[in-house]
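Colleague: Please take a close look at one part for me. I would like to hear about the interface, with the cut-offs spelled out.

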Amino acid sequence: MESAEAMVMATDLRRSFKDKEAVAGVSFTVQRGEIFGLLGPNGAGKTTTIRLLTGQIDPSGGQAIVAGCDVVKDRARLKQLIGVVFEEQNLYERLSATHNLRFSCWLYDLPETRIDEVMDLVKLEKRTKEPVRTFSNGMKQRLMIARALLHRPPVLFLDEPTCGLDPIAAREVRSAITQLSLEGITILLTTHLLEEADQLCDHVAFIVNGRLVANDTPQNLKLSRGSRSLEVTIADPKRAGQFMQLVLSMEKPEDRRYLADLMAQGMVQAVHSQEATLEEVFVEVAGFRPA
Amino acid sequence: MHPRIIWAIIRKDLLDIWLNKSTLGGLIFPIILSLVWLLIGNLVGGNKTSLLIYNPGNTSLAQAVAQVFPNSEIIQASSIGEVQAAFGPNGAKVKSAYAVGLILPEDFEDSLQAVKPPLISLYLNGSMVNAQTQALLQIDIINYARAIADPQPPVRINTTLINPPATENAGAILKLVYLPLALLASLMVGITFIPLLLLEEKEKKTLRMLLVAPVSFTDILVGKLLVVLTFQLTTTSVVLLIMGGFTGAVPLVVLYVVLGAGLSLSSGLLFGSLFNSVQSAGTVSGFIAFVYIISGIFVGHLGELMGKSPVLQVAKIIPTYYLAEGVVNAIQNRGSLGSNLLDIGVILGCSVLFLAISAWALRRQSAVLAIV
């Protein structure tokens, strides 16, 4: 990862629709090359936050700077510096994958040689001439990512990138996201799948009713909420071939000594840390389980 | 507005239309329809109508009379006697190759200018020209004279009828109405395609993708309007070519084609801006296109025959009535300045009104687009 440089800065960002405050004073920062996950249940304000950060709608209050551009005052330049992958699949289905990307090349005034590069990146190079309507959901999602990357944006917004995909397609998309992050692209994604965020994100923020209720690395969030203990599976000394589980605290010296003895005797079959899952952290801070 | 972006949208839409077989079918439908009408017209009443005309003053009235028959030829008579001999006296039963004979005085136009009603001899062959067309011919001659000057009466017509009147000729009647109908049918392109192109972007959510790219809503609108305008002008021109419409006052015909394209586009934009789905806009625009086309029936000869019928008055509420009337008059070289100004004024006025309503609706939509 490159040196710390804020690529997305939201400060007390707000947006109301009639009487409802969809985003109610959200503040966070995303550093260059980070994958930042905005997590929350449906209707929490994730998509509205993305629309605010991508200049699709104006904030009712607060400020947002993305890739050095104020999202309200410098919208024209902002559009050149961001890529957006929407939750809904919005491709021209009658056109081929190449034609979809060629259209974006025309819009951004890019050489068409760039099409092959992004197709390689999302592993679609063998289906370039086929109409998009013949693609699977996973392929369409990858094509949308390719389209968003065509003009080499330093910041990429992904709104529920694996929503509606089967497990294999979702894994392909996650793999593509990880690859992009390794190439230095800053990624802000929204998801309601906490396990996915745990796997992908360097940083996560929980949003509930338009407000951020937690913002940290997944590891820190899990450690701060879970217990410092280990679940140890050992061979049962009384019944040959059977196993038993013990929970040992890492805080107590006697438990630490006992674990060392077990290890020395070669009885330990498996050790699992007892840190909380992101879902458990979410339940604790939000007060309910995500949908 | 960004020309490069607009050109990109045009290229994408052209490709998308090409790949969409049903859209492509809709585009060529008016052309196929006019070919079918032409074929039916030729099958039902396809014989060439010969007109023997003595026209020493070379007045354009000869062409105006010929326009009453969609498939006609003018034979120039060298003397008055040649016309008289070809038809014979009133009520005679003679075999004649000519449907109409006309003797025009040399000073026909000058007499009209001098407000002196000129005398015309009109010979009608009842076995080739039905009673309705006979009446239309006389109305046509009077209208032509009125367009030059307006003496009372404008012209004196001495009519000679040979052979008993023929029964109604379906082919001839059909030919009299299908030109304005074909022209108005070609306007379906703009009325149905603008909503389709606009609303499909909205329905398929691709509009949102465009709006996070360096594209303005104006670029999108202009790009789509130019695509449909190109198709509209091409289709109307091809239809008129098939129907033999580029005759008479050709510059005026072209002006009406352009005005018609404007009316068609503004109507399409209106439906595209007032509705949110391709299906609802398609249903309403399809119905309106039908009403637009039907108004063409009441234009020209049929309209003249209907006089002050209430049905004709209702048809006059529809703006395309004035478009069809303007084109038919221009083709027949018989529209007066007043009638042309009325036709152009109504078409332009409606187009501007539709554009204004569309602009208001689109402005509202762009404001709420983000929360859709």
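Modeller: In chain A, the centres of domain 1 and domain 2 lie 43 Å apart, taken over C-alpha atoms. Domain 1 covers 6-223 and domain 2 covers 227-274 (bounds from an automatic or database domain assignment). This is a predicted model: local features need pLDDT of at least 70, side-chain atom pairs count only at pLDDT 80 or more, and totals for chains, interfaces and linings use all residues. Residues are numbered from 1 along each chain as its sequence is written, chains are lettered from A and ligands numbered from 1 in the order written, and side-chain values use heavy atoms, without hydrogens and water.

Now the interface. Chain A puts 24 residues in contact with 26 of chain B (heavy atoms within 4.5 Å). Together the two chains bury about 2,500 Å², 64% of it on carbon and sulfur atoms (accessible area lost on being put together, 1.4 Å probe, summed over both). Arg94(A), Trp106(A) and Leu107(A) supply 30% of the area that chain A buries against chain B, more than any other three residues.

Four salt bridges link chain A and chain B (side-chain nitrogen of Lys or Arg within 4 Å of a carboxyl oxygen of Asp or Glu). One of them pairs Glu88(A) with Arg208(B), at 3.3 Å from N to O.

Strand E1 (6-17), helix H2 (75-81) and helix H3 (97-108) of chain A each supply at least two residues of the side that touches chain B (DSSP runs, at least four residues for H or I helices and at least two for E strands, numbered from the N terminus). H3(A) gives the most to that side, with five residues.
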